[in-house]
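Open your viewer and get ready to click along. Each stop gives you something to select and tells you what is there.

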Amino acid sequence: MMYRALIALLTCGLACAAESFESCATGAVSKLQTEYGALTAEPGHAEVLGKLARTGKKALHIMGGKNRVVQLGFEQPLEKEASLSFWMERWTKANPFDFRLVADTPQGEVQLLHLQNMAVKGYTKQVQVALPAGTTAVRLLSTTAPKGGVLVDDLQLDSEPMVVQEVKLENPGAYPMLKRAPINPVMRYKVTTKGALNPVQVQKVHLRVSPADAIEEVTLRTGNTDGTSFRNSVVLGKGKPDADGTVRFECEGALQTGENILWVDATPSAIAKVGTEVTFANLGISIAGKRRAEKTPRVKQRIGYYLAVPGEEVLNPARGGEARPCVSFRIPGLIRTQEGTLIGCFDARYRNKNDLCEDIDVAMVRSEDGGQT
């Protein structure tokens with residue numbers, strides 16, 4: 001009865017809660033009922049896992065191998081256009097990788113998505129496609145390495161236009177801006193939306209930085225909640241401070257359904273000194289034609305120096321002067337001598353991040369100007 005009620009709501013044009021597979025039994029999938037209809041798969045094609053979920057405890061695993069197919073069939077054809085979204089994770093980096101999303105529509109079979117590559121680890125990809133009115137089923141088709149596959153979670157079907165529910169500017173705490181770092185998150189906007197049709201756009205950002213000459217450029221980009229991962233980050237816009245520290249720039253990029261984390265990423269200028277405190281004041285972000293989050297606190301961050309950037313070459317005199325690129329640097333230590341020289345030491349891990357027995361040296365850097373260089 002609950003299943004029929006949910007389908008009735010959907011066909012009337014009302015959004016339902018996301019399907020996160022929490023009510024589904026773990027194990028192989030042949031046929032199971034979801035929030036939106038019957039999910040079916042041939043033996044060995046899919047399973048529900050009680051781990052590795054994006055939210056909750058469970059996720060759908062489209063198993064590794066050739067031509068794996070999972071179908072979601074609707075009890076009734078969709079009465080009007082709807083948006084289908086879900087998060088996915090690639091299981092391993094081994095090839096091949098081919099993922100397609102196909103819908104059965106009144107016009108016949110329509111391919112909505114085709115991915116032949118994506119990042120590994122973490123739910124880095126949110127799929128969002130439009131389903132035409134009259135759609136009766138969608139199929140997820142996957143070809144991956146035998147021990148690979150695809151994880152799917154938080155599947156949602158929505159037939160309402162997107163609206164912005166809340167925009168907040170948040171101070172993440174101490175996030176130093178490091179010279180030489182590719183990305184420096186300093187503060188974030190959290191934008192919550194509801195509905196998925198006709199996604200709204202971020203249009204403008206207006207900030208002020210002080211001192212103005214401490215920052216070379218400001219970028220607005222997507223990232224995870226705590227700013228520790230920018231894999232598949234989307235840059236929405238960027239701009240340079242004027243003489244008075246004002247930063248204004250146009251943006252392009254649609255928001256996703258639900259929570260959107262947008263980071264202000266600041267690049268220190270060449271003349272900025274390590275230890276400089278920089279203040280960021282939000283003067284407004286324009287979304288869907290409306291200026292938002294204007295009355296928010298200032299955020300202060302300090303400038304630092306990135307001592308060892310992954311990919312840099314490390315010179316080992318014992319190898320005859322050979323310099324080799326290093327994948328990872330770990331386990332740092334820092335001391336200051338009586339003369340004021342700073343000496344930093346850390347592992348230089350050439351091939352991967354693993355511990356012994358791997359190819360690892362102990363590397364050293366030094367600064368005689370208090371860490372400025």
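Start with strand β18, which gives the most to the lining of the largest pocket, with five residues. Strands here are DSSP runs (E, at least two residues), and they are numbered from the N terminus. A pocket is an open set of points on a 1 Å grid over the protein atoms alone, where a 1.4 Å probe fits, with protein on both sides within 12 Å along at least five of seven lines; lining residues have an atom within 4 Å of a point. This is a predicted model, in which local features need pLDDT of at least 70 and side-chain atom pairs count only at pLDDT 80 or more, while totals for chains, interfaces and linings use all residues. Residues are numbered from 1 along each chain as its sequence is written, and side-chain values use heavy atoms, with hydrogens and water left out.

Now select R54, W87, Y123, Q126 and G223: of the 34 lining residues, these lie nearest the centre of the largest pocket. Besides β18, the elements giving two or more residues to its lining are β6, β9 and β10. The pocket has a volume of about 1100 Å³, taken as the space filled by probe spheres set on the grid points.

Next, show the open five-stranded sheet, with the order β11-β13-β18-β15-β16 and antiparallel pairing. Two strands pair if DSSP finds at least two bridges between them. At the edges you will find β11 (163–170) and β16 (235–239), each pairing on one side only.

Follow β18 (residues 258–268) to β13 (residues 185–194): eight bridges join this antiparallel pair, and T193 stands opposite G258. Then try β15, joined to β18 by seven bridges. Pick R221: it stands opposite W263 in β18 and opposite V235 in β16. Strand β15 (residues 215–222) is largely enclosed by the rest of the structure, because six of its eight residues are buried (under 20% relative accessible area, 1.4 Å probe, protein chains only).

For the last stop, select L60, L84, F86, M88, F99 and L131, which touch the most other members of the 35-residue largest nonpolar core. Such a core is a set of buried Ala, Val, Leu, Ile, Met, Phe, Trp, Tyr and Cys residues joined through side-chain atoms within 4.5 Å. Strand β10 gives the most to this core, with six residues. A second, separate core of 34 residues includes V167, M187, L220 and L262.

Methods:
Helices (H or I, at least four residues) and strands (E, at least two) are DSSP runs, numbered from the N terminus. Buried means under 20% relative accessible area, exposed over 50%, partly exposed in between (1.4 Å probe, protein chains only).
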